[in-house]
Amino acid sequence: MLSENITINSAGHLCFAGHDVCELAQRFGTPLYLMDEGRIRENCRVYLNAFRKNFGENAMPAYASKAASFRRIYEIMREEGMGIDVVSSGEIFTAVKAGFPMEKSMFHSNNKTDADIRYAISCGVGCFVVDGEDELLRLEQIAAEQGHTQRILLRLTPGIDPHTYEAINTGRVDSKFGTAIETGQAMPLIRLALEQKHIELAGFHCHVGSQVFEEDVFQRTANIMVGFMAEVRDELGFTAKILNLGGGYGVRYVESDPAADIGARIGEVAEHIRAVAQKHDFPMPFIVMEPGRSIVADAGMTVYQVGAVKRIPGYKNYVSIDGGMGDNPRYALYGAKYTVLSGNRALEEADFPCDLVGRCCESGDIIQPEILLPSATCRDDIVCVCTTGAYNYSMASNYNRVPRPPIVMLRDHDAYVAVRRETLEDIAALDV
Ligand code: LLP
C-alpha cells in the first residue's frame, strides 16, 4: 500500500487509519474528507524530533497551514508544540479561535492589505515575513500609529530552481515572491528595514518550491542564504538571528514517487548549514522550516460514491463520482497524480481502465485520468482517492453550487467531525 495507514479488512473493504471506509461513508455520507489524526501528529514529530536532535532549542518547525486550515488542525499544532505559517486574516482568525499561541506564527503573503496588517498586529502575530519595500514601509507606518514594534523576517529569493511544477516554483529570481539577492535589490531593502523605528529585523526567509524531491535543494539554498547573511554582516554590521528555509518536502501520491526520509534529510541539512556558517565565521542562526504538505497529505483520504459508469467502446471509460474539482482541483490545476482505490471491492483485481471524473459541468473536471478500478465497479460503489490531506479542502470551492464535504477526523477507535458538511442553506447564505 501507498501508506501504512491504508489497509484492507476481512470484508474486502478498504480501511483508513483502521476504519472501514464503507462504514464511514454510510455514517457520514459522501463525498467525505477523512483525516488521520495520529498520522498528522506523527508527521509533526518527525520534524520536532529531527529539529531537537540536530538544532537543539535553536529552531522551530512551523506548519504551513495553507495546506489544510481549519480550527482543529491549529489545536493539534498547539498541542504538538509546532509553530505555524499563516497567509491571510482568515487563517489568523481560525488559529486565534483555536487558542493557538500567535507569537509562534509567521505571517506570509506578497500582498498584505492594511486591514491584514492591523489585524495581524492586534492578534499578536510573532513575525511578519515581509515581501518587499511597499509592505515594509506600510507596516512601519501602521506599527508606529499603534505604538508597536513588529518583529519581521525579509523574504528573499535565492535564485534556486527546485525542478517542481511551474505553478509552485517560487525560489527563482523572477518569482512574484520576495526580493531578489541576485539583482542587488536585497541589500538596500535590508538597509531600509534597519532604519525603521517600529520594525525589528530578525532575519531572512526563503521558500524555493513545493513537492520537491531533489535531495540537495535546502543545502543549495543554505549556501546562498548563509553566504548572503555573512555579506550583510560585513556590509551593514547586521547579524541576522533567524533563517527560515520555507517548506517543500515532497510526499508520495503514487507508488512511483520516492519516499523521502525527512528526519534524515533534516540531519543532512543541519550539518550543511553548520559547515557553511563555520566557513563564513557566522553564528548558527535559529532555523525555521515550514512544512505543509508533508504534515497533512498522507493523513488525508477522500471517499466518494460512484454515480455512473460509462463505457464508450473503442474509446474510453468513465467512472463518475459525487465530488470532483470542487473538492479536489489539483489535477485540473497542476495535472497532479493520485492513487485511486476501490472502497468496497478492495480485494478485486483492478483491471478496468477508466478516467475518474467529477460531477461538475465541465470536461476538465477530472480527478484522475487513466486509472484502473475493478471491472464490476458500478453505481453506489465507494471509491477512495489517497493522499488528499494537503491542498484539497483548503483549495475547495463551491463551483456549480456544490456543497463542500465535511472533514472527519479519525483518532484510534473514534471518528469525529472537525468541519461539518455544507448545506444548501450555507450555499445560498451570502446572497442578499
Ligand atoms: N512556506 C511558504 C512560504 C510557502 O509558500 C509554502 C507553500 C510552504 C511553506 C509549504 O510548502 P509545502 O511544505 O506544503 O510544500 N496548492 C499547491 C501547493 C502550493 C504551495 C504554496 N506554498 C498544490 O496543491 O500542490
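Which helices each supply at least two residues of the lining of the second largest pocket? They are α2 (37–55) and α9 (262–279). Helices here are DSSP runs of H or I with at least four residues, strands are runs of E with at least two, and both are numbered from the N terminus.

Before going on, this is a predicted model, where local features need pLDDT of at least 70, side-chain atom pairs count only at pLDDT 80 or more, and totals for chains, interfaces and linings use all residues. Residues are numbered from 1 along each chain as its sequence is written, and side-chain values use heavy atoms, without hydrogens and water.

Back to the pocket. On a 1 Å grid over the protein atoms alone, a pocket is an open set of points where a 1.4 Å probe fits, with protein on both sides within 12 Å along at least five of seven lines; lining residues have an atom within 4 Å of a point. Of its 20 lining residues, Arg39, Asn43, Ala260, Ile262 and Asp298 are closest to the centre. Helix α2 gives the largest share of the lining, 5 residues.

Next, helix α3. Seven of the 10 residues in α3 (71–80) are buried, so this helix is largely enclosed by the rest of the structure. Buried means under 20% relative accessible area with a 1.4 Å probe, protein chains only. Among the buried ones are Arg72, Tyr74 and Glu80. Glycine 81 follows α3 and has a positive phi, near 85°.

Last, the sheet. Three strands form an open, antiparallel sheet in the order β1-β2-β3; strands pair if DSSP finds at least two bridges between them.

Conventions. Buried means under 20% relative accessible area, exposed over 50%, partly exposed in between (1.4 Å probe, protein chains only).
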